[in-house]
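Thanks for coming, everyone. Let me put the thing up on the screen, and then I'll walk you through a few spots.

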Amino acid sequence: MSAPHFNATARLLHWLMAAMILSMLFIGVAMVASVSQRPWLIDLHRPLGMAILLLALLRLANRLRHSPPPLPRDLPRWQVLAATASHWALYALMLALPLLGWSLLSAGSYPITMVGDWQLPAIVPHDPTLYGWLRRSHGLLAWLLFLILLGHIAAALLHAWVRRDGVFTMMIQRAAAPVASLD
Amino acid sequence: MDTIPSSGRRLRLALAGIAAIIGTLALAFGWTAGRLGGERLTAIRMIDAIEANKPWPYPGFRRAHSKGICVSGTFQGNERGASLSTARVFTQREVPVLGRFSIAGGDPHGADNTARVRSMALLLRSDDGQQWRMALNNFPFFAVATPEGFQARTLASRPDPVTGKPDPARLAALLERYPEIAKFRSWAATAPWPDSWANSVYNSVNAFRLQAADGTERYVRWSMRPHTPFKALTPEQRARAGVDFLAQDLRERLAEGPLRWDLVLTLAAPGDPVNDSSQPWPEDRPHLLAGTLELTATSEQAADACRDINFDPLILPKGIAPSDDPILAARSAVYAQSFNRREWEIASGKAAGAGMEFVTP
């Protein structure tokens with residue numbers, strides 16, 4: 001009997017989006033600070049953000065249809081709560097941040113250029129108060145996402161290297177080695 | 001599955017490894033954001049330095065070119081422009097334009113009659129959804145070649161708290177380190193002062209690439225050359241002119257009819273310094289008239305649309321691309337900082353006075 005694991009879609013999306021989201025966070029802070037690299041960074045930031053939004057929706061649909069594998073029964077209750085809360089937060093942020101990005105560009109009257117000529121329409125009116133709040137929220141939530149990611153990575157590695165309880169493996173392979181029989 | 005917890009040395013190694021990974025990620029993020037490590041030049045530091053030169057903050061206002069007035073009109077391109085660039089602005093009949101005149105400096109209620117630098121910002125919106133934003137200045141070339149030079153100039157210009165003026169020693173050191181500033185000083189000291197926004201020339205200063213339909217790329221700088229005849233303001237007239245004379249004059253002229261400028265493209269020759277805006281190009285470079293700007297109205301409204309626009313010169317339509325002039329990338333980064341800070345001030349209710357783009361006499 002194979003150990004519980006995430007399905008192939010979940011695993012693919014997880015690792016693909018992990019790379020994309022981590023890149024996006026670094027691109028985001030870099031493009032704000034850099035006096036020389038902003039043009040290409042921001043040109044990348046916009047379409048990459050929209051791609052993450054689309055993939056996040058697919059991922060959410062997949063997760064609703066295929067329940068994730070259960071956590072080990074002996075995991076302390078506070079860790080179960082932390083895992084649940086952080087995953088809710090991660091999904092919320094994966095969806096909110098691109099939508100905030102799209103909205104803030106709309107509110108700032110910026111063209112919302114994706115690739116080449118292709119632009120997205122504005123989704124909120126041009127307004128300084130909207131822009132101010134949307135832009136600030138986008139920045140703060142991005143930093144929050146980064147902090148939660150650090151916690152997520154730390155927890156994943158604790159499962160992998162310290163507890164060694166199979167949780168990390170759930171996101172790696174289709175079938176773990178069968179449980180050794182005791183007789 | 002059985003849990004096999006690590007213990008002892010293995011545990012310590014694992015924990016150390018995790019701490020190292022998390023620590024490295026956090027430090028790398030902090031450094032990339034410009035928040036950690038060193039005196040690396042960032043857009044944040046550049047705007048901080050500009051803000052530090054002001055006697056007090058002006059929440060809600062642009063950090064530079066704070067005083068200005070909104071205008072609107074149309075742009076009509078022509079076939080000469082269309083032959084050099086696929087941008088729709090050159091073929092569309094009457095492209096709507098939103099713009100802003102301003103004076104340089106960080107005081108939204110500063111004096112027009114002592115403002116050497118005057119500027120025109122434009123937003124051309126073509127019917128294919130593309131935008132061309134320009135931020136033009138009346139100086140023919142920039143004071144410095146690099147953002148580092150600009151920052152040095154900002155820092156050296158900081159008023160001494162005792163004298164209220166910049167430290168002459170620091171300015172002298174600046175000039176030694178960035179000798180190209182002397183050229184700009186000479187222009188500022190000798191060029192005649194137009195008596196209006198309407199009869200000033202406004203220059204792109206930075207170079208851009210025009211992309212033609214056949215794939216050819218040409219480096220250009222451009223200017224808005226006024227139809228309104230030049231008339232100089234003598235030093236005596238300047239001293240007597242009111243602090244808001246530019247806006248008053250503009251309103252009077254527009255009440256009598258539209259104001260026009262020609263868009264004149266200057267083509268670079270191979271070898272011309274296209275990435276150094278402190279270097280003018282030789283006078284004999286070809287000049288091509290690519291269209292006409294017509295301004296018909298100026299805004300009386302307090303919170304007109306031009307306040308909440310960032311005239312980022314890197315918002316360009318298809319058919320126009322930036323050069324590698326480092327000043328361009330820096331302008332985009334720094335204008336974004338200014339825009340974000342001032343819009344937040346308006347949004348969070350800290351900007352009571354920012355409704356007024358100009359003071360009505």
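This is a predicted model: local features need pLDDT of at least 70, side-chain atom pairs count only at pLDDT 80 or more; totals for chains, interfaces and linings use all residues.

**Starting at one arginine**

Let's begin with a single side chain: a polar atom of the side chain of Arg46(A) sits 2.7 Å from the backbone oxygen of Thr113(A). That is a polar contact, meaning N or O atoms within 3.5 Å, where within protein one must be able to donate a hydrogen and the other to accept it, and residues adjacent in sequence count only if both atoms are side-chain atoms.

Residues are numbered from 1 along each chain as its sequence is written, chains are lettered from A and ligands numbered from 1 in the order in which they are written, and side-chain values use heavy atoms, with hydrogens and water left out.

Back to Arg46(A), which you'll find in helix α2 (residues 38-65) of chain A; helices here are DSSP runs of H or I, at least four residues, and strands are runs of E, at least two, numbered from the N terminus. Is Arg46(A) buried or exposed? Buried, with a relative accessible area of 16%; the cut-offs are under 20% for buried, over 50% for exposed and partly exposed in between, with a 1.4 Å probe and protein chains only. Leaving out residues up to four places away in sequence, Arg46(A) touches Leu105(A), Thr113(A) and Met114(A), with contact meaning heavy atoms within 4.5 Å.

Now, aromatics. Rings of Phe, Tyr and Trp (its six-membered ring) pair if their centres lie within 6.5 Å, with planes under 30 degrees apart called stacked, over 60 edge-to-face and the rest tilted. Over all chains, that rule gives 22 aromatic pairs. Take Tyr110(A) and Tyr131(A): a tilted pair, 6.5 Å centre to centre with 50° between the planes. Tyr110(A) is in the loop between α3 (77-107) and β1 (112-113) of chain A and Tyr131(A) is in helix α4 (residues 128-163), so the pair ties together parts 21 residues apart in sequence. Tyr110(A) counts as buried at 14% relative accessibility, and Tyr131(A) does at 2%.

Last stop, where the chains meet. Chain B puts 54 residues into the contact and chain A 40 residues. There is one salt bridge between them, with Asp117(A) and Lys318(B) as partners and their closest N and O atoms 3.9 Å apart; the rule is a side-chain nitrogen of Lys or Arg within 4 Å of a carboxyl oxygen of Asp or Glu.
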